[in-house]
Amino acid sequence: MDIQFLLRTPLFLGAAPEELESLLAAMEATQRRFPRGEGILRAGEDTARFYLVLSGGVTVEHHDAWGNRTILGHVAAGEVFAETYACLPQQPMMVSAVASQETVLLSLNAAALLTHSCPSRDLILTNLLRITAEKNLALSRRIFYTSSKTIRGRLLSYLSDQAVLQGSLTFSIPFDRQQLADYLGVDRSALSNELSKLRREGLLTTRKNRFSLLTQADLP
């Protein structure tokens with residue numbers, strides 16, 4: 001296990017290196033590999049464990065009774081998911097977690113973190129609180145993106161915010177076209193049509209999941 005990588009993650013940032021191995025042992029840390037598309041956690045289940053993504057990525061999804069999918073977020077390498085449910089182990093999950101690519105996860109026992117005694121424990125609990133607050137903010141952003149009644153409005157709201165968050169008019173997003181459509185709650189074909197219109201109008205260029213937003217200064 002790459003201890004230096006773990007110490008750079010938001011969960012373990014600031015932890016004492018000499019305490020991390022014993023803390024991982026106390027939290028019953030185990031690694032598991034998931035192929036692309038495999039379910040990790042399913043709605044309706046409960047869990048006493050939460051997960052840190054060591055490599056790959058995970059989508060957080062909701063499926064309705066008719067099989068329609070809504071993507072609520074993406075969890076990248078170094079980030080965690082299911083921590084809220086792990087702290088409420090009798091609460092059935094409202095969402096599912098699916099590997100968006102070949103993914104390696106570190107599974108951690110939440111209750112063990114609460115009972116383990118070491119100076120780094122309080123720091124990690126503080127980190128978890130910060131992570132939870134950031135996720136609440138991300139969900140609020142998604143509500144803002146999807147508040148527009150038009151596909152163009154949703155798309156431009158999301159892309160312009162990504163440019164701000166990443167500090168550049170050229171950036172990559174964690175979704176393919178279908179996942180982006182599911183995240184914004186729109187039809188994939190209609191999304192592709194809108195992207196084509198935006199390209200023709202000179203508002204952006206795109207290649208796969210990489211976008212460049214064009215300003216007046218970029219136009220010929």
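**Exercise 1. Determine which residue just after α6 has a positive phi, and examine the helix itself.**

Solution. The structure is a predicted model, in which local features need pLDDT of at least 70 and side-chain atom pairs count only at pLDDT 80 or more, while totals for chains, interfaces and linings use all residues. Residues are numbered from 1 along each chain as its sequence is written, and side-chain values use heavy atoms, with hydrogens and water left out.

Step 1. Helices (H or I, at least four residues) and strands (E, at least two) are DSSP runs, numbered from the N terminus. The expected span of a helix is 1.5 Å times one less than its number of residues. For the 16 residues of α6 this should give 22 Å, and the end C-alpha atoms are 22 Å apart, which agrees.

Step 2. Buried means under 20% relative accessible area, exposed over 50% and partly exposed in between (1.4 Å probe, protein chains only). The buried residues in α6 are Arg154, Leu155, Ser157, Tyr158, Leu159, Asp161, Gln162 and Ala163.

Step 3. Their cover includes α5, β9 (170-172), α7 (177-184), α8 (188-200), β10 (204-207) and β11 (210-213).

**Exercise 2. Characterise the lining of the second largest pocket.**

Solution. Step 1. On a 1 Å grid over the protein atoms alone, a pocket is an open set of points where a 1.4 Å probe fits, with protein on both sides within 12 Å along at least five of seven lines; lining residues have an atom within 4 Å of a point. The volume of the second largest pocket is about 150 Å³.

Step 1. Its lining includes Arg36, His74, Ser100 and Gln179.

Step 2. By class, three lining residues are nonpolar, five polar and four charged. Here Ala, Val, Leu, Ile, Met, Phe, Trp, Tyr, Cys and Pro count as nonpolar, Asp, Glu, Lys and Arg as charged, and the others, Gly among them, as polar.

**Exercise 3. Identify the element that gives the largest share of the lining of the largest pocket.**

Solution. Step 1. The largest pocket has a volume of about 1200 Å³. Of its 39 lining residues, Leu72, Gly73, His74, Lys135 and Ala138 are the closest to its centre.

Step 1. The largest share of this lining, ten residues, comes from α5.

Terms used:
Points joined across faces, edges and corners; volume = space filled by probe spheres on them. Contact = heavy atoms within 4.5 Å.
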